[in-house]
Amino acid sequence: MDALEIIGWLWDYGLVIPMINFLVLIAALAFGSFGIAIIIFTLLMRAITWPLTRQQLRAAKAMQAVQPRIVEIQKKYKDPKRRSEETMKLYREAGFNPAGCIWPMLVQMPILFALYQAIRFTLGETPEALLDLSQRLYPVPFLRTAVPLENHFLWMDLGQPDSTLIMAVLVGASTFVQQRMTTPTSANADPQQQSVNQTMMWMMPLMFAFFTLQFPSGLALYWTATNVVGIAMQYFYQGPSNFSWRKIVSIGPLTAPTPAARSPQEEPLKVESAEEIEAGDATDEAPQEGQRKRRRRRGRRRR
Amino acid sequence: MSRRPRYLVLLTLGLLVLAVAASGCASLAKPKGFASPVVTDEGVLLVPSGDDIYAYDVDTLGPLWRFPSGDIKHKDVVALYGTPAVAGGTVFVPTYDGKLYALDLKDGTPIWPEAFKAGGPLVGGVAVANGTAFFGSSEGDLYAVDAESGEQVWPKFTTDKEVWSTPVVIGADLYVTSLDGSLYVLDPATGQLRWSYDTDAGVAAPPVVDTATGRVFVGSFDQKLHGVDIASHQEVWTVKADNWFWSRPLLEGANVYAASLDGRLYAAAASDGASIWSKPFEAKTEIKASPILIGGTIFVADRDGFVFGVDPATGQAKFPEPLKLANGVLADPVELEQGGSAVLALVTTRGTLYFIDPQTLQVLRQIELSG
């Protein structure tokens, strides 16, 4: 076996085939409904990837906390190289990895591709696909007798692209909201950079919405469900008071508020790491106590 | 945004686009078809392959016609899965785009003004009896259409899942199976249900009726071959395999032979299901094509293109080595007569028509079907 064959074997036997059997198992337990199986699968995947998601949320929180300091750096250093060095130093102190927001996406990608293949095999839209499925089910009678599965869910044929635009809209909208919630506010007042960020913010949802029109709607169902769960996770993790839904769904760029001017005698802003921020929030016995602590911190900074 | 995160974001987006584009090249599986050849009493060999059906003279193997042959009107003909039926000089061709065509056997021209449009893709074959063509669709419906006019004879009979098998008419009964797991027996004149028998999983294999023993044999996705008594509608015996039964069982004398997707050929007595071999015959991979008996030898072809000759009495290989074809076989083989000798003909998944000597398991001739 050469390297490519080995990779292919690992992909099939390590990911796709177990996923196929798992989906068939869940569907069989869910009265043969593949749509319900996809939703349950989504919930399980989000539960398994929760540590990664939590890390991302903590990083986002840390990023938010250091925004005022970033603005100071932007104003203080004119040399782009020095500015970049100081910014990266600040990130390190805060325990924030700028590429951290990418990892959840990179983890989701192989799952998405494997799920796409699993859907193609499992729903057996063509007779050849059903034949292929027969060779990918584990020799467990319960699994072998569970197919063919019910491929209709709500208005969709899960093995075919959604002929309405409903899933495309749901995928695009949920991707947009999820992205807005996880992207930290930009402290960079540079209009060109903001334009780039805005483009990124719109491109991903539109791209995924477009893909929805090409691929089985089962995949779109998974992506929408995973976004919705992610949105709910973040909402409850960061606390309802930290969100402005109006800002999330607005079209304009997300920008940090301009920090109040400080006199040269003021102490530099204290950089709290993600763990410190989380620990600080966690030890608050009541929201009022947390608010009092934050007021005390601000007071110390002003002196 | 600093340069490093920007590059990472662009790299991620680029990988995403590349990967999805690569997936998009084969975004949804294209149906290819695996309809089986048919030999007519008029000496015509009909060979479906891909989106076309080819007609050859049995004696000379000269091409006669091809449908749809680039005809713009029929450009939507897609993938032939169901075995065509021939009756009264008319060829009935079911297609994956959901239409039943009636063609003149002499020249392949359509007989009906318009093809009959069913509710979904047609995967099973056609049965013709008493001037009526019967066939099932992927919407779970069984249709009865007048062979001459193409008009529907009775309202479609609906099952709960796809009808992917070829119906069978024996006497006054119409037998059809469905992926909802049931065998249905109807009145072919009215479409009224007479009785049904349920297996534990979907059924894609056509039933085989043994009038001598009064049994009907049904291979199912529950990994069993069921022997059902026609009079009592009760299961009499089952033969267990390790994967689905999909192909039509072969009934020869008092025995029934059934191939499974576990790659084995099973043999049982039709009366009580008792195994007549010490163990099933093992092919190399799954067997979708039906077994065929020619000259005292059972021939099976597996999905990898290995063709085996099996002794029906013992289940042992009759030839030291199987014949390896260039591509796999999913369509049922047929027997035809050339020069007074029997010849085994089968078509591979890549559209190569092979003629094989059943005495020596050697290829006599092969024809590359184009399109």
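**Why these terms apply: chains A and B**

Me: In this predicted model, what share of the 303 residues of chain A counts as buried, and what makes a residue count that way?
Reply: Of the 303 residues of chain A, 48% count as buried, a label that rests on a relative accessible area under 20%.

Me: What makes the meeting of α1(A) and α2(A) a contact, and which residues take part?
Reply: Contact requires heavy atoms within 4.5 Å, and on that basis A:Met19, A:Phe22, A:Leu23, A:Ile26 and A:Ala27 of α1(A) meet A:Phe34, A:Ala37, A:Ile40, A:Phe41 and A:Leu44 of α2(A). The residues of this contact comprise 10 nonpolar, no polar and no charged.

Me: How are the axes of these two helices placed, and what is the handedness of the crossing?
Reply: The axes of helix α1 (residues 3-29) and helix α2 (residues 34-48) of chain A come within 8 Å and cross at roughly 120 degrees, and the crossing is right-handed.

Me: Why are β29 and β32 of chain B said to stand at the edges of their sheet?
Reply: The open sheet has four strands in the order β29-β30-β31-β32 (chain B), with antiparallel pairing. Because β29 (334-338) and β32 (362-368) each have a single partner strand, one side of each is left without a neighbour in the sheet.

Notes: Residues are numbered from 1 along each chain as its sequence is written. Chains are lettered from A and ligands numbered from 1 in the order in which they are written. This is a predicted model: local features need pLDDT of at least 70, side-chain atom pairs count only at pLDDT 80 or more; totals for chains, interfaces and linings use all residues. Side-chain values use heavy atoms; hydrogens and water are left out. Axes are lines fitted to C-alpha atoms, for helices over the stretch in contact, and angles run from 0 to 180 degrees between N-to-C directions. A crossing is left-handed if the near helix is turned anticlockwise from the far one by less than a right angle, and right-handed if clockwise. Ala, Val, Leu, Ile, Met, Phe, Trp, Tyr, Cys and Pro count as nonpolar, Asp, Glu, Lys and Arg as charged, and the others, Gly among them, as polar. Two strands pair if DSSP finds at least two bridges between them. Buried means under 20% relative accessible area, exposed over 50%, partly exposed in between (1.4 Å probe, protein chains only).
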